[in-house]
Amino acid sequence: MPSIHVMSPTLASQVAAGEVVERPASVVKELVENSLDAGAKFVRVEIRRGGVGMIKVTDDGSGMSRADAELCTKRHATSKLSSLEELFEITHLGFRGEALPSIASVSRFKLCTRQQQDLEGWEIRIDGGLEHEPRSSGVSPGTAIEVADLFYNTPARRKFLKSAETEASHVEHQIRLHALAYPQVRFAYKRDDQLVFDLPATADLRVRISALTDAATAAALIPIETTIGPGISITGFLLPLSEAIRTRKGQYVFMNTRPVEDQLINRAIRDGYGGFPTGLHPALFLYMEVEPALVDVNVHPAKKEVRFRRSADVVNTIVEAIANTLQKHARQEIHAAAAPEPERILPAPSTTAPHGEIPARSTNPGSAFPAAARPAPASSAAQPPLSSFARQSHGPVPPPTLRAIPLKQVPATQGKLDFHRQEDEETARHAHENAASERDASAGFSYLGTLRQQFALFETPEGLVLMHPKAARERIIFERLRARREAPMPSQQLLDPVVLDLDPRDFAVIRQFAPHFDQAGMAVTPFGQNTIRIESIPALLELENARAFLLELVDRLTQSEFSRNAKRVAYETFIGEFARKSAWRERISPHRAPAILKDLLACEVPYCTPGGKPTLVNYSVPEIKRKFGLQA
């Protein structure tokens with residue numbers, strides 16, 4: 001018997017589904033792309049139970065005949081490619097012909113479709129790869145595809161899915177990507193029979209961005225002047241450096257209306273900004289139109305990545321577009337500062353096309369890319385509406401005003417004094433209870449003095465040890481706060497609660513870790529769809545920007561989502577921030593160095609701060625001798 005055999009069609013489709021269908025959001029992506037390729041002007045997406053229970057995508061596109069409806073669920077069946085040459089000049093979002101059969105092999109699949117000129121439509125049903133006989137159906141022109149019980153026949157795949165809240169957030173993010181890529185298309189999204197958003201079609205990209213982001217982001221948009229390069233055109237919007245975050249979630253990049261992720265583009269963005277602080281990423285909405293023959297989109301199963309045939313031209317054009325925009329914006333800021341105005345007035349609606357308007361795509365792959373270079377038609381779109389939570393001022397938002405109402409009705413100042421008194425008492429008790437062990441740990445350290453009023457010097461049998469007292473205090477305070485984690489940290493209420501519109505994925509993370517926010521003294525409550533309200537912050541923190549602190553915390557929580565210790569991250573992040581702020585505000589006299597060293601050596605991790613910076617630096621005698629050219 002031969003050991004090699006041909007897989008059954010059902011098994012082959014399920015294997016392919018492993019590449020195409022990663023989670024419910026993958027299904028939504030493929031179905032919405034088919035709707036857009038069919039020329040839809042209205043796309044409606046409905047899900048239940050995070051998309052696992054049901055996904056339904058309805059459009060008003062061209063629809064299909066019975067013959068096409070039967071063929072579309074066959075593997076490698078496509079209407080978008082007919083020759084090898086077309087593979088290298090792809091102008092559609094989908095083209096492989098694997099999505100529908102792969103989805104149908106791992107779900108209960110139903111397709112209803114009708115062409116505009118036909119009197120009746122057709123219904124195709126497939127259960128886990130088992131096809132049913134097509135039947136006529138009275139449906140509206142267009143196509144509606146319903147995917148129920150996703151992965152019902154592949155339970156191992158279903159176990160890898162996250163909670164319904166998390167999966168729904170990824171679905172919403174995917175729909176938002178398509179809505180940003182196609183502002184001229186109306187998008188509606190319903191989750192568990194609740195309407196999340198209904199975005200009307202618009203010719204002004206700024207209006208669509210405003211509808212999908214918070215008011216502060218919409219007000220801070222900097223238009224990218226259309227930049228033309230060899231076979232490439234770039235437009236869109238930048239955000240100021242103050243909006244940079246620790247992940248690339250704020251970067252939306254589209255190539256020929258296709259959302260893409262590409263390391264080459266990421267590096268070009270950083271270069272355009274003139275470099276960036278380590279760990280931060282600029283936020284922007286970047287729209288690229290590239291001649292189809294100059295880009296290969298057939299390099300990733302999910303079509304997220306692309307490969308450019310003339311990558312240097314792409315990089316140079318992106319760098320030029322971003323750098324020129326930032327330079328022009330800086331000159332405008334300087335000019336505005338030099339000519340103060342008595343009152344800030346919103347600009348009148350432009351009589352010319354806004355910079356953010358998407359250039360018309362050429363439907364002729366052989367054209368010499370004239371569409372993006374031609375002036376866009378005039379637009380009378382008004383300025384984007386601001387949400388009801390926007391500040392009245394269009395300038396920088398001032399720090400929130402604090403009103404001290406900590407837990408248990410303890411005044412904020414009293415809370416701080418109590419904490420430090422309690423901390424001193426705990427230090428004394430800790431020293432009394434562990435005097436023997438501390439003497440043993442620090443007995444070999446002889447205090448020599450202080451270097452530049454900043455570093456404490458100790459002699460040991462092995463050599464010389466330098467201690468940074470403030471870094472040491474940061475570690476000490478952190479571990480003592482962590483030891484008393486059962487007691488919630490005192491909080492102080494904001495006179496003006498901070499309202500934030502968040503990325504749906506960030507909103508899901510905050511809901512998941514809500515109890516740990518409360519434990520750490522930060523009251524964060526839902527305030528509508530993907531909107532939260534910060535009502536109080538830890539009394540022990542002096543936060544100048546609660547929004548930035550919260551978003552940085554969310555990034556850390558997202559990175560630790562799969563960690564076994566994820567539940568501790570929220571609390572430890574807060575106490576780590578407090579330990580840092582508290583320690584570095586202290587005035588530490590030199591005579592305290594030996595006592596601080598004793599406390600430090602009693603810590604569980606004495607050699608670094610919670611952030612990973614060293615507290616102690618050792619220079620051995622052999623190392624010192626080598627410095628002087630002596631024999632070790």
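The mean pLDDT of the protein, where pLDDT is the predictor's confidence in each residue on a scale from 0 to 100, is 77, and 72% of the residues reach 70 or more. The model is predicted, and for that reason local features need pLDDT of at least 70 and side-chain atom pairs count only at pLDDT 80 or more, whereas totals for chains, interfaces and linings use all residues. Residues are numbered from 1 along each chain as its sequence is written, and side-chain values use heavy atoms, with hydrogens and water left out. Over residues 344-421, the model has 123 contacts beyond four places in sequence, a contact being defined as heavy atoms within 4.5 Å. For residues 431-439, where pLDDT also stays under 50, the corresponding number is 5 contacts.

The secondary structure comprises 19 helices and 24 strands; these are DSSP runs numbered from the N terminus, helices being H or I with at least four residues and strands being E with at least two. Of the 632 residues of the protein, 47% count as buried. Here buried means under 20% relative accessible area, exposed means over 50%, and partly exposed lies in between, with a 1.4 Å probe and protein chains only. Among contacts with a separation of 6 or more, 69% are between residues 24 or more positions apart.

The largest nonpolar core contains 58 residues. Such a core is a set of buried Ala, Val, Leu, Ile, Met, Phe, Trp, Tyr and Cys residues joined through side-chain atoms within 4.5 Å. Leu31, Val43, Val45, Phe109, Val147, Phe187 and Tyr189 have the most contacts inside this core, and helix 6 (residues 164-181) supplies the largest share of it, 7 residues. When neighbours within four places in sequence are left aside, leucine 31 is in contact with Ile55, Val57, Leu100, Ile103, Ile145 and Val147. Another core, of 27 residues, lies apart from the largest one and includes Leu238, Val253, Val297 and Val306.

A search of the whole structure identified 5 aromatic pairs. Rings of Phe, Tyr and Trp (its six-membered ring) are taken to pair if their centres lie within 6.5 Å; planes under 30 degrees apart count as stacked, over 60 as edge-to-face and the rest as tilted. The ring centres of tyrosine 252 and phenylalanine 285 are 5.1 Å apart and the planes are at 5°, so this pair is stacked. The pair links distant parts of the chain, with tyrosine 252 in strand 12 (residues 251-255) and phenylalanine 285 in strand 14 (residues 284-290), 33 residues apart. Both tyrosine 252 and phenylalanine 285 are buried. A further stacked pair is formed by phenylalanine 254 and tyrosine 287, at 4.9 Å centre to centre and with 20° between the planes. This pair likewise links strand 12, which holds phenylalanine 254, to strand 14, which holds tyrosine 287, across 33 residues. Phenylalanine 254 is buried, at a relative accessible area of 0%, as is tyrosine 287, at 6%. Elsewhere, ring pairs join Phe445, Tyr447 and Phe458 into a cluster.

Arginine 66 lies over the face of tryptophan 122, at 4.7 Å from the ring centre. The charged end of arginine 186 sits over the ring of phenylalanine 42, 4.0 Å from its centre.

Helix 7 (residues 205-212) is mostly covered, with 6 of its 8 residues buried, namely Leu205, Arg206, Arg208, Ile209, Ser210 and Leu212. At the start of helix 7, a side-chain oxygen of aspartate 204 comes to within 3.0 Å of the backbone nitrogen of arginine 206. Arginine 176, in helix 6, counts as buried at 14% relative accessibility. A polar atom of the arginine 176 side chain lies 2.6 Å from the backbone oxygen of leucine 212. Not counting residues up to four places away in sequence, arginine 176 touches Phe197, Leu212, Pro504 and Asn530.

Positive phi values were found in residues other than glycine. Phi of arginine 49 is near 50°; arginine 49 is in the loop between strand 1 (42-48) and strand 2 (54-59) and is partly exposed, with a relative accessible area of 47%. For aspartate 193, phi is near 70°, and the residue is found in the loop between strand 8 (186-191) and strand 9 (194-199).

Definitions and conventions:
A charge sits over a ring if NZ of Lys or CZ of Arg is within 6 Å of the ring centre and within 35 degrees of the ring normal. A polar contact is a pair of N or O atoms within 3.5 Å; within protein, one must be able to donate a hydrogen and the other to accept it, and residues adjacent in sequence count only if both atoms are side-chain atoms.
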